[in-house]
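Welcome to this short tour of a protein chain. Please take a moment to look over the sequence and the 3D view before reading on.

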Amino acid sequence: MDIFALLEIPDLVRAGSVCASWRAACTSLCSTEHCCKLQQTPCLLYTSESLGDRAMGLYSLAEKKAYTLALPDPPIRSREIIGSSYGWIITADERSELQLVNPITGDQIALPSVTTIEQVQPVYDDKGTLCNYEYSWYTARKWVSVSSNTSILDLNKLRDKLFYKAFLSSDPSTGDYFVVLIHNPHAQLSFARSGDEEWTWLPPHTFYEDCQFQGALLYATTARGEIHAFDLGAPAFVAKIVLNRVKFSASDRIYMVQAPSGEVLQIRRITTGSDGELSQLPEKTDTIEVHKVDLTSEKLLVEVDTLGENVLFIGRSQSLCLCAKEYPQLKPNHAYFTEDDSLNVTRFKHLRRDMGEFDLENNRNMEILSPQLWSNSPTPVWLVPNPRRMNLASHN
């Protein structure tokens with residue numbers, strides 16, 4: 001088991017096929033109490049027309065090889081992928097309802113109904129059948145300035161208007177976790193704990209870009225670089241400002257990660273090539289900047305020009321900072337990125353995705369793979385493969 005714990009998932013599956021005793025060791029390793037030993041290199045998870053409607057491709061950066069994974073219904077190509085954490089993806093189906101899916105095990109968990117989100121109300125026809133959603137354009141501070149305060153949307157259209165990103169606090173297979181959504185209007189926060197039947201709104205702040213968890217403590221960064229902390233285990237949810245606003249451009253995308261050393265880093269991703277909402281030109285990542293943060297003084301300390309031995313993963317998934325020495329197939333001082341621009345992934349689904357590998361030392365982009373294997377929609381995400389199956393007793 002100690003040896004198997006060093007293997008990537010494809011090799012672990014192969015090892016489990018050798019004989020009964022090896023299979024037993026692999027099965028035990030993938031159980032709840034042992035699976036934490038596994039250390040997996042992030043992979044690129046994607047859909048493709050050639051794979052069909054119910055399968056996804058998994059491109060291993062460690063092996064430089066693609067695998068095919070069968071997923072449960074509803075068909076994955078009919079869903080949108082709005083997040084990836086702890087080996088699970090968060091999807092929105094054609095009724096704009098959300099599910100957690102583990103692509104490795106096929107486990108799936110339904111999340112609270114979208115109609116329990118503060119800004120969404122169900123609309124029924126004369127027979128009592130759900131036919132539309134009423135979407136309200138307001139935040140805790142004011143109504144958003146639009147021609148109408150509400151919109152009536154088709155079931156499959158709400159997801160593109162509402163959802164931006166989603167994050168998990170921990171591995172759902174253990175049975176206890178939080179899910180947090182960044183959703184519109186104006187990129188607000190809502191969350192649910194495992195077992196909840198509705199979403200809890202976290203007003204009053206807006207324009208969030210990325211989230212990280214430390215247990216029940218949620219850290220969320222805004223497009224202007226502010227970092228807010230919420231204790232989701234407390235009776236009342238109050239935003240504590242742990243980093244004041246930084247003068248970033250509103251068009252930049254902001255991420256936050258914790259480095260292996262324990263330092264908190266804020267990442268600024270600068271893109272070029274788009275001229276705004278009406279542009280049909282795909283954006284391209286031009287620069288990635290790294291800043292060290294001191295959460296005790298509420299100040300951004302300093303821009304650093306290198307990640308050293310570390311490597312970044314950013315996109316529409318949990319932001320990661322890993323030590324390349326522990327993942328020899330990854331390149332130090334590089335950032336692996338996927339598309340996560342809200343407008344591009346929801347409005348311009350036909351455009352080529354802004355994805356690649358960024359060399360921070362030489363300030364240049366490289367392709368992850370050519371020719372590309374993936375469809376442009378749903379947008380590909382990073383996945384850290386997780387072979388742990390759900391603890392059904394804890395979920396029941």
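Which residues do ring pairs link into a cluster? They are Phe178, Phe191, Phe213 and Phe237. Keep in mind as you read that this is a predicted model.

**Salt bridges**

- Side chains of opposite charge can pair when their charged atoms come close.
- Searching the whole structure turns up 20 salt bridges.
- One of them is between Glu63 and Arg14, whose closest N and O atoms are 3.2 Å apart. This pair links distant parts of the chain, with Glu63 in the loop between strand S2 (55-60) and strand S3 (65-70) and Arg14 in helix H1 (residues 9-16), 49 residues apart.
- Glu63 counts as partly exposed because its relative accessibility is 27%. Arg14 also counts as partly exposed, at 37% relative accessibility.
- Asp171 and Arg388 form another salt bridge, and here the closest N and O atoms are 3.1 Å apart. Asp171 sits in the loop between strand S11 (163-168) and strand S12 (178-183), while Arg388 sits in the loop between strand S28 (381-383) and helix H5 (392-395), so this pair ties together parts that are 217 residues apart in sequence.
- Are Asp171 and Arg388 buried or exposed? Both are buried.
- Lys331 pairs with Glu357 in a salt bridge whose closest N and O atoms are 3.2 Å apart. Lys331 is in the loop between strand S24 (320-323) and strand S25 (334-337) and Glu357 is in strand S26 (residues 356-359), so the pair connects parts that are 26 residues apart in sequence.
- Lys331 is partly exposed, with a relative accessible area of 38%, whereas Glu357 is buried, with 8%.
- Salt bridges that share partners also build one network out of Lys165, Arg253, Arg269, Glu339, Asp340, Asp341 and Asp354.

**Aromatic rings**

- The structure has nine aromatic pairs.
- Tyr336 and Trp382 make an edge-to-face pair, with 6.2 Å from centre to centre and 90° between the planes. Tyr336 belongs to strand S25 and Trp382 to strand S28, so to speak two distant parts of the chain, 46 residues apart.
- Why does Tyr336 count as buried? Its relative accessible area is 4%, and buried means under 20%. Trp382 is buried too, with a relative accessible area of 3%.

**Helix H1**

- Ile9, Pro10, Leu12, Ala15 and Gly16 are buried in H1.
- What do the buried residues of H1 pack against? They pack against helix H2 (20-29) and S3.

**Pocket and cavity**

- The second largest pocket has a volume of about 960 Å³. It is lined by 40 residues, and the closest to its centre are Tyr86, Gln318, Leu320, Leu322 and Val384.
- Strands that each supply at least two residues of this pocket's lining include S11, S24 and S28.
- The lining of the second largest pocket is made up of 25 nonpolar, twelve polar and three charged residues.
- How many cavities of 30 Å³ or more are there? The count is one, and the largest cavity holds about 40 Å³ of space.
- The largest cavity is lined by Glu80, Ile82, Ala92, Arg159, Asp160, Phe163, Arg316 and Thr346. Strand S4 (80-85) and helix H3 (158-162) give two or more residues each to the lining of the largest cavity.
- Three nonpolar, one polar and four charged residues make up the lining of the largest cavity.

**Backbone details**

- Most residues other than glycine have a negative phi, and most peptide bonds are trans.
- Pro203 and Pro204 are joined by a cis peptide bond, with omega about 10°. Pro204 is in the loop between strand S14 (200-201) and S15.
- Another cis peptide bond runs from Ser377 to Pro378, with omega near -5°. Pro378 is in the loop between strand S27 (364-366) and S28.
- Lys64 is not a glycine, yet its phi is positive, at about 55°. Lys64 is found in the loop between S2 and S3 and is exposed, with a relative accessible area of 55%.
- Asn333, also not a glycine, has a positive phi of about 60°. Asn333 is in the loop between S24 and S25 and is buried, with a relative accessible area of 8%.

How values were computed:
Residues are numbered from 1 along each chain as its sequence is written. This is a predicted model: local features need pLDDT of at least 70, side-chain atom pairs count only at pLDDT 80 or more; totals for chains, interfaces and linings use all residues. Side-chain values use heavy atoms; hydrogens and water are left out. A salt bridge is a side-chain nitrogen of Lys or Arg within 4 Å of a carboxyl oxygen of Asp or Glu. Helices (H or I, at least four residues) and strands (E, at least two) are DSSP runs, numbered from the N terminus. Buried means under 20% relative accessible area, exposed over 50%, partly exposed in between (1.4 Å probe, protein chains only). Rings of Phe, Tyr and Trp (its six-membered ring) pair if their centres lie within 6.5 Å; planes under 30 degrees apart count as stacked, over 60 as edge-to-face and the rest as tilted. Contact means heavy atoms within 4.5 Å. On a 1 Å grid over the protein atoms alone, a cavity is a set of points where a 1.4 Å probe fits but cannot get out, and a pocket is an open set with protein on both sides within 12 Å along at least five of seven lines; lining residues have an atom within 4 Å of a point. Grid points are joined across faces, edges and corners, and a volume is the space filled by probe spheres set on the points. Ala, Val, Leu, Ile, Met, Phe, Trp, Tyr, Cys and Pro count as nonpolar, Asp, Glu, Lys and Arg as charged, and the others, Gly among them, as polar.
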